[in-house]
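Please read the following briefing alongside the sequence and the three-dimensional view.

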Amino acid sequence: MDTAAEVALPKPEVAAKRAARLTFSMSHHQLIRNLNGYLFIAPWLIGFLAFTLIPILASLCLAFTKYDTMSPPTWVGAENFERMLQDPRYWASVKATLYYVMTAIPLRLVFALAVAMLLNSDRRGVGIYRAMFYAPSIVGGSVAVAVMWQQVFGTEGLVNYCLAFIGIPRVVWLGNPHTAIWTLITLAAWQFGSPMLIFLAGLRQIPTPLYEAAAIDGAGGVSKFFRITLPMLSPVIFFNLVMQTINGFIAFTQALIVTNNGRPLDTTLLYVLYVYQRAFQNLQMGYGAAMAWVLLIVIALVTALIFKTSSAWVFYESKEGE
Amino acid sequence: MAVISTLKSYVGSAKRRSAILGSAAYHLPVIVLSFLMIYPILWMFASSFKGPAEIWKDVSSLIPKQFTLNSYINGWKGFGGISFNTYYGNSFIYAGGATLFQVLSSALIAFGFARIRFVGRNFWFTCMLLTLMLPAQVLIIPQYILFKQLGWINTYLPLLVPRLGGSAFFIFMIMQFIRGLPKELDEAAEMDGCSTVGTFFRIILPLIQPAMITAAIFTFYWTWEDFMGPLLYLSNPRMYTLSLALRGFADPGTGTDWGAIFAMASLSLVPVFAIFVFFQRYLVQGISTTGLTGG
């Protein structure tokens, strides 16, 4: 650009003027572009500041106060956190949540993978089967299904009725501290649709020559699964594991409705439900905020842990050729 | 010759027979399993047509002996003098409004991030990706306090206004979609004197409709089934959405007309299944390409 201008214009001062005007118009153009950029992202930016960033910082302060929404918050230092350590209901909720996450999420992922492999076929009707396996997942979070699940596991409910056929006496699923959590776990495991679809997409990506080569080498189904399917699928497993684990920690509706506020004896008092009870039923906003912050940190740590271990078991194809 | 041809046809039919056997060995268990998957939903649906005496008598049956619509008629009357007309209407207002706001603004924001190079873009984009990992449940307390200060409790404002900020998930998804469109399109439009705003509305917006439909379906689902938001912000029964109404309806104190409860619960799932049947393609694509996790 500069050399072209020098050649065309003999007088250097004219060229300088032109260049100045050019840079001015460039910066004017840049200004417009910046304005346009911020114009388009403004809804997100305002929402982010007002509804995410400021609230999360405010809740960090709130965690060190006592606040009942009527009178102004009072600073109490680390009292809320100390109180957590001594609160037996808090530990009950931690126990219930960990138990729930560590059983429901692996079950959900195993079902998802098994069914995805079953449906990874070009046979006729697979689309309909896929829809049927996915159907519970689109309604799974609803109150309608939670209400239904409560009746499925009711004393006179569907499960007991079916068990009676094979001679098993009635079980009080929802009233027994040992079985109540399993009504929530089965509900979660039943909704494996989303990870199943993601696994299906992953399975489709595995090149078939890999299996053919393995078959020529005499590999059976089991060794094909462990040597090809699992390693090739490990990035997808990793993704599903992270997303579903986070989902597991924040389960709420089920414990409020199916097991009626975490009953019996707080054995199904999932963490977010306890935060809700403290903050909105007992109006202990400070204590609730402190618990929510601990949850956030735990989720971040667990996610980081999964990321850390991933280098040992997640296999990424090298992209050197590309 | 005759022997060979009969032998051939025998071999052929044996092959066919084994193929049929093989496909039966596949289809039968899969049909049984997929039927078991939706059995609870079918059971609730069937129970809603049974008489009150039949529901807990012949529990597992899917065919009502005496088909009756009484549960629907009684259920629709609702409770506390408010019928399901109101609850259904409220749910449509909430889900419809939230979907409209969230999808349109997500498209706008996605265009800004994907196509305009501005100072600070990478920083804000990273912030947005970080919010993807932030569970909304952690924010309920400070947000509640904020909305209470604003006097928004018992209105739809706390449920709808934040949707104008878009959703990080869908912004990201639409961005990926826009990146797949040739940049020459924008450049040509700008050459012809189209402003950036004009380029978005005239060129990009019509092209990203598939991504917007996917975003709209998911937003509608999640909002339709949302329980926590209405639970926190709506305490006036006239403003209840279906989720809150069903919970109130199924409350042990209110009633034990399980036929009516199952009828209204089934009805609340009708829009969800209708969208599922008609837009399944978008749903499956949305989940398998972007890893959206419903529920």
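Chain A is divided into domain 1 (2-62) and domain 2 (79-313), with bounds that come from an automatic or database domain assignment. The C-alpha centres of domain 1 and domain 2 of chain A lie 47 Å apart. This is a predicted model, in which local features need pLDDT of at least 70 and side-chain atom pairs count only at pLDDT 80 or more, while totals for chains, interfaces and linings use all residues. Residues are numbered from 1 along each chain as its sequence is written, and chains are lettered from A and ligands numbered from 1 in the order in which they are written.

**Two helices of chain A**

- The axes of helix α4 (residues 88-119) and helix α9 (residues 193-205) of chain A come within 8 Å and cross at roughly 45 degrees; axes are lines fitted to C-alpha atoms, for helices over the stretch in contact, and angles run from 0 to 180 degrees between N-to-C directions.
- α4(A) and α9(A) are therefore oblique to each other, as angles under 35 degrees count as roughly parallel, over 145 as roughly antiparallel, 65 to 115 as roughly perpendicular and the rest as oblique.
- Residues of α4(A), including A:R108 and A:L109, meet residues of α9(A), among them A:P195 and A:F199 (in contact: C-beta atoms, placed from the backbone, within 7 Å).
- By class, this contact of α4(A) with α9(A) has twelve nonpolar, no polar and one charged residues (Ala, Val, Leu, Ile, Met, Phe, Trp, Tyr, Cys and Pro count as nonpolar, Asp, Glu, Lys and Arg as charged, and the others, Gly among them, as polar).

**Contact between the chains**

- Chain B gives 70 residues to the contact and chain A gives 71 residues.
- The side of chain B that touches chain A divides into 45 nonpolar, 20 polar and five charged residues.

Notes: Two residues are in contact if their C-beta atoms, placed from the backbone, lie within 7 Å. Helices (H or I, at least four residues) and strands (E, at least two) are DSSP runs, numbered from the N terminus.
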